[in-house]
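Please brief a reader who is new to this structure.

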Amino acid sequence: MPIAGKATLTQYIIEERRRHPGATGALNALITDVSLACKAISRKVALGALGDVLGSASTQNVQGEEQKTLDVLSNDMFLRANEWGGHVAGMVSEEMEEPYLPPQQQYPRGKYLLLFDPLDGSSNIDVNVAVGSIFSILRAPTPEADAKPEDFLQPGTEQVGAGYAIYGPSTMLVLTLGNGTHAFTLDPQLGEWVLSHPNLSIPRQTSEFAINASNSRFWEPAVKRYVDECLAGKEGPRGIDFNMRWIASLVAETHRILMRGGVFMYPRDSKESGRDGRLRLLYEANPISFLIEQAGGMASTGRRRLMAVEPESIHQRIGFVFGSSDEVARVEAYHSEEPQDTYQAPLFGKRGLFATAA
Ligand SMILES: O=P(O)(O)OC[C@H]1O[C@](O)(COP(=O)(O)O)[C@@H](O)[C@@H]1O
Ligand SMILES: [Mg+2]
Ligand SMILES: [Mg+2]
């Protein structure tokens with residue numbers, strides 16, 4: 001029975017499957033498993049201090065970042081919810097150095113690869129700001145066999161599905177299977193995801209941008225030019241006033257842009273040696289790009305389509321600019337106008353390994 005005339009997630013994915021007569025139902029089952037993990041994480045996040053889950057786990061992930069207790073718990077929930085169904089040939093997580101292969105004796109191998117950031121924006125957990133989980137689904141090159149690390153190195157254009165859950169005032173799941181971007185709100189009483197925002201559409205134009213301005217001294221000239229012009233407002237070359245937001249939670253920023261437009265930038269910069277951006281290509285930038293493009297927006301490295309990038313390693317980072325298409329195109333245009341040699345690769349930058357005293 002539809003709830004208040006709206007479809008549930010289960011009904012939506014069954015309808016989607018009808019469009020693919022050869023489909024076995026494995027993708028639907030995988031999405032159900034992912035959405036179960038998200039429900040479980042949502043319960044933990046909602047309990048906050050009462051759930052004894054805040055604070056640090058006193059460990060570091062592969063990227064040298066401090067792991068929060070909830071990072072570790074959420075990772076475990078994703079692994080447990082998605083291994084038993086037998087729909088994955090392997091998983092990649094922000095919190096694990098190597099791909100995870102479910103124990104062979106217990107669980108069969110499936111035909112999909114699941115890549116995820118189990119808890120995004122974790123610096124916000126202790127201050128009770130919206131956090132989320134992000135996931136990307138690829139086809140396993142060798143179905144029903146152990147996934148190899150290189151199997152995960154597919155460009156974003158190969159994704160069959162992507163989405164995120166946001167744990168905010170309400171819990172929502174935002175999903176694309178390549179046929180539009182749709183948002184489902186969790187009815188906590190029924191435990192059902194209800195299709196509350198079908199066919200999201202990002203306006204082409206916006207006057208709202210999001211960037212961590214504390215990094216401005218490390219930006220490339222094109223990014224600096226773009227932001228300076230926004231800040232100049234009505235009196236500047238753009239002739240309009242801009243608003244600015246920075247939540248420091250990629251999922252929350254994406255959600256705002258899907259709901260009302262805007263542009264988000266975490267560009268390549270020269271802040272840290274050997275780091276080509278802050279966000280991770282395979283389980284942050286690619287799935288968000290798929291959702292944004294399916295909602296009519298643009299997602300870019302700052303220079304070119306992000307989903308066309310051929311990945312080199314599973315935890316690779318990348319510059320990321322996405323949102324309302326007119327603004328993203330403008331950032332790309334500013335980069336293309338720059339002489340090629342203006343970018344100081346982090347290795348040789350002011351704070352880089354081989355920095356020279358100026
Ligand atoms: O600390 P900064 O520079 O504001 O960066 C914030 C960014 O880092 C992230 O928190 C990275 O994600 P994780 O919390 O999963 O490591 C993004 O959600 C957010 O956009
Ligand atoms: Mg993240
Ligand atoms: Mg994370």
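In this predicted model, the magnesium ion (ligand 2) has Asp117 (OD), Asp120 (OD) and Glu284 (OE) as its protein donors, at 1.8 to 2.1 Å. Donors are N, O and S atoms within 2.8 Å of the metal (3.2 Å for Na, K and Ca), and water is not among the atoms, so sites may look incomplete. Local features need pLDDT of at least 70 and side-chain atom pairs pLDDT 80 or more, while totals for chains, interfaces and linings use all residues, and side-chain values use heavy atoms, with hydrogens and water left out. Residues are numbered from 1 along each chain as its sequence is written, and chains are lettered from A and ligands numbered from 1 in the order in which they are written.

**Metal sites**

- Along the chain, the donor residues of the magnesium ion (ligand 2) follow the spacing D-x2-D-x163-E.
- The magnesium ion (ligand 3) takes Glu94 (OE), Asp117 (OD) and Leu119 (O) as protein donors, which lie 2.1 to 2.2 Å from it, and these donors are spaced E-x22-D-x1-L in sequence.
- Because Glu94 lies in the loop between strand 3 and strand 4 while Leu119 lies in strand 4, the pair ties together parts that are 25 residues apart in sequence; strands (E, at least two residues) and helices (H or I, at least four) are DSSP runs, numbered from the N terminus.
- Asp117 coordinates both the magnesium ion (ligand 2) and the magnesium ion (ligand 3), and the two ions are 3.7 Å apart.

**Domains and their interface**

- The chain is divided into domain 1 (9-197) and domain 2 (208-348), with bounds that come from an automatic or database domain assignment, and the centres of the two domains, taken over C-alpha atoms, are separated by 24 Å.
- In contact, meaning heavy atoms within 4.5 Å, are 51 residues of domain 1 and 33 residues of domain 2.
- Between them the domains bury about 2,900 Å², of which 64% is on carbon and sulfur atoms; buried area is the accessible area (1.4 Å probe) that two parts lose on being put together, summed over both.
- Of the area that domain 1 buries against domain 2, Ile134, Leu153 and Tyr164 supply 19%, more than any other three residues.

**Salt bridges**

- A salt bridge is a side-chain nitrogen of Lys or Arg within 4 Å of a carboxyl oxygen of Asp or Glu, and by this rule the count comes to 19.
- One salt bridge is counted between domain 1 and domain 2.
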